[in-house]
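Visitor: I am new to this structure and would like to look at it with a guide. Please show it, and I will ask as we go.

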Number of protein chains: 2
Amino acid sequence: MDVSPEVRVGELTEADLANGFLEALGSLSDVGLSAAEAADVFRERRKAGIHTFVARAPDGRVAGTATLLVEPKFIHRGGRAGHIEDVAVHQDFQKKGIGAALVRHATEEARRLGCYKVLLNCFDRFAPFYERVGYRRHDLGLRHDL
Amino acid sequence: MDVSPEVRVGELTEADLANGFLEALGSLSDVGLSAAEAADVFRERRKAGIHTFVARAPDGRVAGTATLLVEPKFIHRGGRAGHIEDVAVHQDFQKKGIGAALVRHATEEARRLGCYKVLLNCFDRFAPFYERVGYRRHDLGLRHDL
């Protein structure tokens, strides 16, 4: 489960959008965007302070991704909460520890950005994966489709 | 459980910060900010596109609050997810339906802002409250303290 040493995690760039990013994310859910449309979304996300991380293979192809939202709260003396979203690894790169590397990276970035906690949601079957990287079961996730 | 008709829900303003907002939020968790410090946090939140709603009593005092984060995603063709956070009602105003009014308002704002879903987390004992306003149990919430 160790990460292949040549896979590097960093912030998403526009060049990644046409180099495997959308395919990696597609392992999670339907994307349905061209690279140009994704660039518009990327700009909107950056404006909102959302961090998108990618793991890149040696040839530059995106193997996986994870997102971090940083929420400045009034509670906890104006503390910040991190929220990890949309962790996805392309099928060609699964079972190599890339998902864990992405979650660890996003968690460390949350710490660097001053967060006092990081939250994420997952289905029960994925909880052991997150528990191995330091998360604990905390509460329930509820959803309302609009 | 009906909302007292004279309680109105709207967006937080700076004037609310010294008029019961911090006390209402204090029913949820320790705040520990002066109104002036809270104004700095409020500006940081607005910059990140975070919506803070308040329910105001007829005299203008803040009775409760709820927060909505809007997350532009790459998945779902660049769809937006809403996240409801920090729902709190001041002890003097509890059991009057104000929490439900705040959650309904935040959910409707999410719809207006183009969200395809709204997510929130709570402890098991609060799930029936959210189920009554249209939410369903979906997944697990995990947490990592930093």
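Visitor: In β6(B), which residue is the bridge partner of A:G141?
Guide: β6(A) and β6(B) pair in the antiparallel sense over seven bridges; two strands count as paired if DSSP finds at least two bridges between them. Strands are DSSP runs of E with at least two residues, helices are runs of H or I with at least four, and both are numbered from the N terminus. In this pairing A:R136 stands opposite B:R143. The bridge partner of A:G141 in β6(B) is B:D139.

Visitor: What should I know about the model and its numbering?
Guide: This is a predicted model, in which local features need pLDDT of at least 70, side-chain atom pairs count only at pLDDT 80 or more, and totals for chains, interfaces and linings use all residues. Residues are numbered from 1 along each chain as its sequence is written, chains are lettered from A and ligands numbered from 1 in the order in which they are written, and side-chain values use heavy atoms, with hydrogens and water left out.

Visitor: Over how many bridges do β6(A) and strand β5 of chain B pair?
Guide: Strand β5 of chain B covers residues 115–122 and runs antiparallel to β6(A). In β5(B), A:R143 has B:L119 as its bridge partner, and A:D145 stands opposite B:K117. The number of bridges between β6(A) and β5(B) is six.

Visitor: By what rotation is chain A superposed on chain B?
Guide: The superposition is by least squares on the C-alpha atoms of residues with pLDDT of at least 70 in both copies. It has an RMSD of 0.0 Å and 0.0 Å of shift along the axis, with a rotation of 180°. The two copies are thus related as by a two-fold rotation axis.

Visitor: Why do the copies meet through the same surface?
Guide: The contact, meaning heavy atoms within 4.5 Å, takes 62 residues from chain A and 62 residues from chain B. The surface is the same because the share of interface residues of chain A that are also interface residues in chain B is 100%.

Visitor: How much area is buried between chain A and chain B?
Guide: Buried area is the accessible area (1.4 Å probe) that two parts lose on being put together, summed over both. Carbon and sulfur atoms give 57% of a total of about 5,800 Å². In chain A, the residues that lose the most area to chain B are A:F74, A:L142 and A:R143, together 18% of what that side buries.

Visitor: How many salt bridges cross the interface of chain A and chain B?
Guide: Side chains of opposite charge can pair when their charged atoms come close. A salt bridge is a side-chain nitrogen of Lys or Arg within 4 Å of a carboxyl oxygen of Asp or Glu. A:R136 and B:D145 meet in one, at 2.8 Å from N to O. Across the interface the rule finds eight.
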